[in-house]
Amino acid sequence: MNIPANSPTLRSWIEVPANSDFPIQNIPFGVGSVDGIESTAYTRIGDQAIDLFKLYEMGLIPSYADEDGTEYVGSLNVLLLGGREPIRALRQRLSELLRTGQDMKVIQQIKKALVPVSELTMDLPVDIGDYTDFYSSRQHAYNVGCMFRDPANALLPNWLHMPVGYHGRASSIVVSGTPIRRPMGQFKPNPEAAPEFGPTRQLDLELEVGFITYEGKPLGERISTAEAEEHIFGLVLFNDWSARDIQAWEYVPLGPFLGKNFGSSMSAWVVTLDALEPFRVASPKQEPEVLPYLKGAPNMHFDIALEVGLKPSGGAESIICRSNFKHLYWSMAQQLAHHTVNGCNVFAGDLMASGTISGDTPDSYGSLLELAWKGTKPVKLSDGSERKFIQDGDTIVIRGHCERDGVRIGFGEVSGEILPAN
Ligand code: CA
């Protein structure tokens with residue numbers, strides 16, 4: 001598909017630093033505020049954010065909702081109600097306004113809507129109604145199965161037949177930069193003894209990528225794999241913080257609960273599916289053959305390089321993992337088709353995360369559980385210290401970007417520092 005806003009030859013009249021994730025071909029969407037004034041929607045070029053509500057007030061972009069620009073105030077949920085076509089048109093309009101060759105009078109007007117990103121306090125881009133977490137990396141599922149069961153039966157019998165997932169907790173999802181408090185809970189360090197209560201001793205990260213939906217279909221109807229892309233707005237980086245000791249003791253029989261819902265961190269800028277189009281790659285061959293309702297999806301994997309940094313308090317950051325979004329076994333289209341095949345409804349602004357994305361080499365595993373292999377191979381940091389799990393004061397940073405034909409499209413980062421338990 002030809003998307004004019006993606007043309008590699010486009011340049012902006014706003015300066016784009018070398019290796020920026022945000023050239024004019026990106027045009028991401030986010031929500032932020034300056035000096036505590038009401039939050040509005042923004043896009044971003046280089047290190048400048050552009051206030052979309054101001055552009056609306058100047059008459060430079062239309063209102064797609066109520067003709068009063070309310071969709072540019074607060075979260076992006078109202079903007080997403082119209083689905084893919086209005087967003088595609090808005091992104092194209094912004095591309096035209098921000099590219100070189102634009103009329104000087106218009107440029108002078110737009111300059112009044114610019115805010116340096118450093119002066120902007122970002123919020124979550126959407127009010128997340130529901131959050132679902134999948135488990136779609138085969139290597140991750142295999143690694144966890146090896147550690148907690150045995151290599152011969154690492155994948156559970158259902159894993160190759162459906163994108164396994166669970167309903168997470170939306171209330172504790174926070175935007176990048178928000179500190180996370182080490183959770184308290186119950187765990188069982190000694191399998192023979194009674195459970196104990198205290199701060200988790202096995203705090204972990206999970207390298208994930210999430211997608212945010214447009215409005216789905218009414219309750220009782222399903223979204224097919226072929227229709228899935230019409231219902232996906234864009235992608236974000238996601239850290240699904242996990243307390244492994246709490247998780248291990250609580251998860252049978254109903255699955256993840258307090259080991260997961262104390263906090264999840266999300267990047268602030270949503271990169272649209274349209275902006276990622278040039279980086280689409282073939283989906284992996286699936287064996288055994290999947291059921292018909294999971295077939296028929298377009299190739300819906302994207303070549304997004306991902307990395308995880310760990311920065312001790314006051315110390316230098318070490319990169320502890322390099323992975324890629326294309327390593328997923330189940331595609332976003334299959335996830336959404338599976339999620340709705342029973343008639344479950346989806347709303348604009350829902351979040352679905354991929355599950356930990358592990359590649360097939362030990363340096364590409366997307367959690368400390370796997371990188372340090374259940375504590376048996378501690379990860380060495382550049383300051384000489386080691387980690388089996390995350391310590392208080394550690395900051396975890398996840399970054400992601402695509403690159404092709406001289407164009408780099410990225411997400412910025414999602415970061416969070418771990419504070420001591422209360
Ligand atoms: Ca997860």
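Biologist: Which element gives the largest share of the lining of the largest pocket?
Modeller: Helix 5 does, with four residues. Helices (H or I, at least four residues) and strands (E, at least two) are DSSP runs numbered from the N terminus. A pocket is an open set of points on a 1 Å grid over the protein atoms alone, with protein on both sides within 12 Å along at least five of seven lines, and lining residues have an atom within 4 Å of a point.

Biologist: Before we go on, what sort of model is this?
Modeller: It is a predicted model, in which local features need pLDDT of at least 70 and side-chain atom pairs count only at pLDDT 80 or more, while totals for chains, interfaces and linings use all residues. Residues are numbered from 1 along each chain as its sequence is written, and side-chain values use heavy atoms, without hydrogens and water.

Biologist: Back to the pocket. How many residues line it, and which lie nearest its centre?
Modeller: The lining of the largest pocket holds 31 residues, and Tyr135, Val144, Gln247, Tyr251 and Pro256 lie nearest the centre. Two or more lining residues come from each of strand 6, helix 5 (138–148), strand 7 (165–167) and helix 6.

Biologist: Now the metal. Which residues coordinate the calcium ion?
Modeller: Asp133 and Asp240 coordinate the calcium ion through OD atoms, and Glu206 and Glu208 through OE atoms, at 2.2 to 2.3 Å. Donors are N, O and S atoms within 2.8 Å of the metal (3.2 Å for Na, K and Ca), and water is not among the atoms, so sites may look incomplete.

Biologist: How are those donors spaced along the chain?
Modeller: The spacing of the calcium donors is D-x72-E-x1-E-x31-D. Distant parts of the chain are linked here, with Asp133 in strand 6 (residues 131–134) and Glu208 in strand 13 (residues 207–213), 75 residues apart.

Biologist: Are Asp133 and Glu208 buried or exposed?
Modeller: Asp133 and Glu208 are both buried. Buried means under 20% relative accessible area, exposed over 50%, and partly exposed in between (1.4 Å probe, protein chains only).

Biologist: And the largest nonpolar core, which members touch the most others?
Modeller: Leu235, Ile304, Ile320, Phe325 and Met332 do, in a core of 49 residues. Strand 26 (residues 407–419) gives the most to this core, namely five residues. A nonpolar core is a set of buried Ala, Val, Leu, Ile, Met, Phe, Trp, Tyr and Cys residues joined through side-chain atoms within 4.5 Å.

Biologist: What does Phe325 touch?
Modeller: Leaving out residues up to four places away in sequence, Phe325 touches Val209, Leu235, His301, Phe302, Ile304, Leu306, Met332 and Ile357. Contact here means heavy atoms within 4.5 Å. Another core, of 42 residues, lies apart from the largest one and includes Ile61, Leu94, Ala170 and Met266.

Biologist: Which residues does Leu124 touch?
Modeller: Leu124 touches Val31, Ile173, Val174, Val175 and Met266, again not counting residues up to four places away in sequence. Leu124 sits in the loop between strand 5 (121–123) and strand 6, and at 22% relative accessible area Leu124 is partly exposed. The C-alpha atoms of Leu124 and Ala268 are separated by 6.1 Å, although the two residues are 144 residues apart along the chain.

Biologist: On to the sheet. In what order do the five strands run?
Modeller: The order in this open sheet is 9-26-25-20-21, with mixed pairing. Two strands pair if DSSP finds at least two bridges between them. Strand 9 (180–181) and strand 21 (318–324) are the edges, each pairing on one side only. Strand 20 (residues 305–311) pairs with strand 21 in the antiparallel sense over six bridges, and Glu307 stands opposite Arg322 of strand 21.

Biologist: Where is Thr395?
Modeller: Thr395 belongs to strand 25 (residues 395–404), and is buried at 18% relative accessible area. Beyond four places away in sequence, Thr395 touches Gly309, Leu310, Lys311, Ser415, Gly416 and Glu417.

Biologist: Last topic, the backbone. What is the phi of Ile27?
Modeller: Ile27 has a positive phi of about 50° although it is not a glycine. Ile27 lies in the segment before strand 1 (30–33) and is buried, with a relative accessible area of 0%. Lys374 also has a positive phi, near 60°, and Lys374 counts as partly exposed at 42% relative accessibility.

Biologist: Is the bond from Val252 to Pro253 cis or trans?
Modeller: That peptide bond is cis, with omega near 5°, and Pro253 is in the loop between helix 6 (244–250) and strand 16 (264–266). The bond from Glu287 to Pro288 is cis with omega near 5°, and Pro288 is in the loop between strand 18 (280–281) and strand 19 (301–302).

Key:
On a 1 Å grid over the protein atoms alone, a cavity is a set of points where a 1.4 Å probe fits but cannot get out, and a pocket is an open set with protein on both sides within 12 Å along at least five of seven lines; lining residues have an atom within 4 Å of a point.
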